[in-house]
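Grab a pencil and get the 3D viewer ready. Try each exercise yourself before you read the solution.

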Amino acid sequence: MHPLARLVVDVPDFPQPGILFRDITPLLRSHFTEAVAALDALWTDREWAEADAVAGVESRGFILAAALAEKRGKGFVPVRKKGKLPPPVVERHYALEYGTGILEMQRGSGRLVLVDDVLATGGTLAASAELATDAGFRVAHAGVLIDLGIVKDFRCLGASPRAVIRYGG
């Protein structure tokens, strides 16, 4: 397990009874630079050179993706919840662990590194990758700070997303 995992706090019964929430807030508060560096290291310099921008999924994915975009001299593309971007936008409905949601993105082009904070069931990351494709982008790589290991062998656009911290295997 990655050394940053010790900074993730387990919160039982949140947001509902029976759920074990992995809180990354303490990790970001005390070791943000190290977390960004660990995400950056998920891809080689060559892979980064092939990317035009970093897309971040609302909201903590924004923080991580924006820092990576700045570090690598890339553009930043937000993936937002419905109603947060001015039109025109492309939208995608998706399933969450506790319901459904709608993500939106403005149209564009280029190759993206797609970043989110946590991979749980994979619904948000898969919907974001499909949305980016619908909006005109090509998702070259996808990665997360934490993969909770809920969905074994999860694939996003034909590939396993990379993760700094992996639980469950």
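This is a predicted model: local features need pLDDT of at least 70, side-chain atom pairs count only at pLDDT 80 or more; totals for chains, interfaces and linings use all residues.

Residues are numbered from 1 along each chain as its sequence is written, and side-chain values use heavy atoms, with hydrogens and water left out.

**Exercise 1. Work out how the length of helix α3 compares with the expected span.**

Step 1: Find the helix. Helices here are DSSP runs (H or I, at least four residues), strands are runs of E (at least two), and both are numbered from the N terminus. Helix α3 covers residues 60-72, which makes 13 residues.

Step 2: Get the expected span, which is 1.5 Å times one less than the number of residues.

Step 3: Compare. Just after the helix, G73 takes a positive phi of about 65°.

**Exercise 2. Decide for I63 and A65: buried or partly exposed?**

Step 1: Recall the cut-offs: buried is under 20% relative accessible area, exposed is over 50%, and partly exposed is in between (1.4 Å probe, protein chains only).

Step 2: Apply them. I63, a residue of α3, has a relative accessible area of 43%, so it is partly exposed. A65 also lies in α3, and at 0% it counts as buried.

Step 3: Look at the neighbours of A65. Contact means heavy atoms within 4.5 Å. Leaving out residues up to four places away in sequence, A65 touches V54, A55, G56, F76 and V115.

Step 4: Zoom out to the helix. Its buried residues are G61, F62, L64, A65, A67, L68 and A69. They pack against α1 (25-40), α2 (45-49), β3 (53-57), β4 (75-81), β7 and β8 (137-147).

**Exercise 3. Find which residues touch the most other members of the largest nonpolar core.**

Step 1: Know what to look for: a nonpolar core is a set of buried Ala, Val, Leu, Ile, Met, Phe, Trp, Tyr and Cys residues joined through side-chain atoms within 4.5 Å.

Step 2: Among the 30 residues of the core, they are L27, L39, V115, L145, I146 and I165.

Step 3: Trace where the members come from. At least two residues each come from α1, α3, β7, β8 and β9 (162-166), and α1 gives the most, with 6 residues. Apart from this core lies another, of 26 residues, including A55 and V77.

**Exercise 4. Describe what lines the largest pocket.**

Step 1: A pocket is found on a 1 Å grid over the protein atoms alone, as an open set of points where a 1.4 Å probe fits, with protein on both sides within 12 Å along at least five of seven lines; lining residues have an atom within 4 Å of a point.

Step 2: Locate the centre. Of the 30 lining residues, R60, E97, D117, V118 and A120 are closest to it.

Step 3: Sort the lining by class. There are 18 nonpolar, 5 polar and 7 charged residues. Here Ala, Val, Leu, Ile, Met, Phe, Trp, Tyr, Cys and Pro count as nonpolar, Asp, Glu, Lys and Arg as charged, and the others, Gly among them, as polar.

Step 4: Name the top contributor. β7 supplies the largest share, 4 residues.
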